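Dear colleague,

Please find below the structure I promised to hand over, together with its sequence. My notes on what was found follow directly after it.

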Amino acid sequence: MGIEELKKQFIVDEDVLKSRLEPVVTKALVHCRIDKDGRVEIRNTGLSGKDQVKLTLAARVIGAEMDPAISPDVSVAEITRFTGLPANQVRARGKDAIEDKFAQSPRSGIYRAMPHKIEPFLDGLATAQTRGR
């Protein structure tokens with residue numbers, strides 16, 4: 001196989017990367033949904049605070065992939081509104097998400113999930129939910 005053939009297989013365009021979006025959205029819908037203004041509604045009320053924060057961050061990145069008007073960045077105040085968790089707990093869980101390498105903080109009080117971590121996180125939620133039955 002020549003270098004040009006390898007290059008075509010290795011360097012992909014954006015559409016190929018978005019091909020995983022449909023199964024990821026299907027997995028996320030079990031736990032949450034998002035409106036056109038970026039407000040996240042958590043449907044799975046049995047999640048820990050840490051998982052609620054991660055799910056909120058994941059939902060916003062997924063939403064941003066589907067609609068460029070939705071920002072992938074989420075503030076502490078927004079997470080507090082979406083989850084009902086106190087701001088100090090949101091900050092602590094946000095710090096946990098960064099330490100877990102699930103999220104990054106582009107500036108103080110703002111979090112964004114790492115896209116490649118979202119599907120494994122959602123798979124883990126599904127597995128935990130199955131075990132809890």
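Helix 4 contributes four residues to the lining of the second largest pocket, the largest share of that lining. Please bear in mind throughout that this is a predicted model.

The pocket itself holds about 170 Å³ of space. Its lining consists of Val 25, Ala 28, Leu 29, Cys 32, Arg 33, Ile 34, Ala 59, Ile 62, Gly 63, Met 66, Asp 67 and Ile 70. Two or more of these residues come from each of helix 3 (21–29), strand 1 (32–34) and helix 4 (49–66).

Of its 18 residues, 14 are buried, so that the helix is mostly covered, with buried meaning under 20% relative accessible area. Its end C-alpha atoms lie 26 Å apart, which agrees with the 26 Å that its 18 residues should span at 1.5 Å a residue.

Turning to strand 2 (residues 40–42), I would draw your attention to Val 40, which is placed there. Val 40 counts as buried because its relative accessibility is 5%, and the cut-off for buried is under 20%. Beyond its neighbours within four places in sequence, Val 40 is in contact with Cys 32, Arg 33, Ile 34, Thr 56, Ala 59, Arg 60 and Phe 82. Among these contacts, Cys 32, Arg 33, Ile 34 and Ala 59 also belong to the lining of the second largest pocket. The C-alpha atom of Val 40 is separated by 8.5 Å from that of Ile 79, although the two residues are 39 residues apart along the chain.

The remaining notes concern helix 6 (residues 87–99). This helix has 13 residues and reaches 18 Å from its first C-alpha to its last, close to the 18 Å expected at 1.5 Å a residue. Which of its residues are buried? They are Val 90, Gly 94, Asp 96 and Ala 97. These four lie on the same side of helix 6, because they cover an arc of only 155° around the axis. The cover over the buried residues of helix 6 includes helix 4, helix 5 (76–83), strand 4 (103–104) and strand 5 (110–113). On the face turned away from the buried side, helix 6 carries the exposed residues Asn 88, Lys 95 and Glu 99. Just after helix 6, Lys 101 adopts a positive phi of about 60°.

With kind regards

How values were computed: Residues are numbered from 1 along each chain as its sequence is written. This is a predicted model: local features need pLDDT of at least 70, side-chain atom pairs count only at pLDDT 80 or more; totals for chains, interfaces and linings use all residues. Side-chain values use heavy atoms; hydrogens and water are left out. On a 1 Å grid over the protein atoms alone, a cavity is a set of points where a 1.4 Å probe fits but cannot get out, and a pocket is an open set with protein on both sides within 12 Å along at least five of seven lines; lining residues have an atom within 4 Å of a point. Grid points are joined across faces, edges and corners, and a volume is the space filled by probe spheres set on the points. The expected span of a helix is 1.5 Å times one less than its number of residues. Buried means under 20% relative accessible area, exposed over 50%, partly exposed in between (1.4 Å probe, protein chains only). The arc is that of the directions from the helix axis to the C-beta atoms. Contact means heavy atoms within 4.5 Å.
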